[in-house]
Amino acid sequence: MLRDKLLFFFLAFTGFAFSQEKKTDTVFVYEEVIVYDTVFIEKPFTKIDKAVFTSETDKKDKLELIQNGKKFEVAIDTLVLVTDKKRIEKQKIQSWFFGGKLHIGIARNSLFKEMNAPNTVGLGLGIWTRKALLNSDFAVGIGFNAFYWMGSFSFDAAQNESVLNGYYFTNNKQPKLFKTIDSKNFQLQLPIQLYYNINKFTPSVGAFASTSTYKSQFIGSSGNLPLTFDEIQDFKAEALQIGYLIELHYSLSKHISVALHFSSGKANNLFFSKRDDKNQFFKTKNAFTENNFLIQLLYTL
């Protein structure tokens, strides 16, 4: 009997003890953190398979891009378009461009070289325009240049021999004896050029026509009887040159460029005319070449 009571007490105590044990609740936390930030793309898209613009109420407009099976979403208000610079530059050169030039350099004339004259130093100004060909890096241009060659050399036939020494007859049969010619001259040039753009460099080749005007003197008759060579007369000597040119431009900025220039022209004769009587003129068969070496500063409008 006592054993039964003890067993009952043990079972009751054990049940009560276990019924008071605290249970631990398992807490499951579900959290999704989505951060939208600037997207940096190391390499530009070379091929976009699909681009879709999405717009929903109360949501930001997005541009969905699919490339190689992967989808990218970019918010429209954070989208920055970086355009193809070369394509824009090609589009720009479709229109006409205008500008100016400043020249400085030296001229080497074979006619004056025979007279032991030094090379002449000159300054020049010019204007130019050009246009692209068929939306490419090639362009064609035309310009107008004016040079003043500041040579101080004056050849005197009374002291030296040259190919110009001797007697000449004007169109009205008036005899003239060559006396002097100056290397100082004024030159006008009309170039036509073909350009090719390579990044900041622009090589160019072309052809040109130019006229040069020199001062000269002849000894002639004043018209007083008896007729003698008693008067020094001023003549203007003109030469028409046809030649080629080569240039290399380097762009310093959008508007400023520098260039190296070489040109070579040939004249087949000299045309002399009396300064105070244009009816007295004659032509000599004195062919010569002239090479110009220039540094140019160019401005593009």
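**Loops, aromatic pairs and charged side chains**

P226 is found in the loop between strand 10 (201-220) and strand 11 (231-251), strands being DSSP runs of E with at least two residues, numbered from the N terminus. The model is predicted, so local features need pLDDT of at least 70 and side-chain atom pairs count only at pLDDT 80 or more, whereas totals for chains, interfaces and linings use all residues. Residues are numbered from 1 along each chain as its sequence is written, and side-chain values use heavy atoms, with hydrogens and water left out. The peptide bond that joins L225 to P226 is cis, with omega at about -10 degrees.

K173 counts as exposed because its relative accessibility is 65% (buried, under 20% relative accessible area; exposed, over 50%; partly exposed, in between; 1.4 Å probe, protein chains only). For N199 phi is about 55 degrees, and the residue lies in the loop between strand 9 and strand 10. The relative accessibility of N199 is 67%, so this residue also counts as exposed.

S162 is placed in the loop between strand 7 (154-156) and strand 8. With a relative accessibility of 18%, S162 counts as buried.

The structure holds 17 aromatic pairs (rings of Phe, Tyr and Trp, the last by its six-membered ring, with centres within 6.5 Å; stacked if the planes are under 30 degrees apart, edge-to-face if over 60, otherwise tilted). One of them is the stacked pair of Y168 and F282, at 5.4 Å centre to centre and with 20 degrees between the planes. This pair links distant parts of the chain, since Y168 belongs to strand 8 and F282 to strand 14, 114 residues apart. Both Y168 and F282 are buried. The two residues also belong to a cluster, in which ring pairs link F155, Y168, F178, F218, F235, F272 and F282.

The count of salt bridges comes to two (a side-chain nitrogen of Lys or Arg within 4 Å of a carboxyl oxygen of Asp or Glu). In one, the side chains of E247 and K101 meet at 3.4 Å, N to O. This pair links distant parts of the chain, with E247 in strand 11 and K101 in strand 4 (residues 97-109), 146 residues apart. E247 and K101 are both buried. The side chains of D276 and K274 also meet in a salt bridge, at 2.6 Å, N to O. Here D276 counts as exposed because its relative accessibility is 63%, whereas K274, at 8%, counts as buried.

On the surface, K184, K215, R275 and K278 gather in a patch of positive charge (residues with over 30% relative accessible area and no salt bridge; like charges joined within 9 Å, nonpolar side chains within 5 Å). Of these residues, R275 lies in the loop between strand 13 (270-274) and strand 14 (277-284). R275 counts as partly exposed because its relative accessibility is 38%.

How values were computed: Areas by Shrake-Rupley, 256 points an atom, 1.4 Å probe, with all protein chains shown as cover. Lys, Arg positive; Asp, Glu negative; His and termini not counted. Charge placed at Lys NZ, Arg CZ, Asp CG, Glu CD. Helix = DSSP H or I, 4+ residues; strand = E, 2+ residues; numbered from the N terminus.
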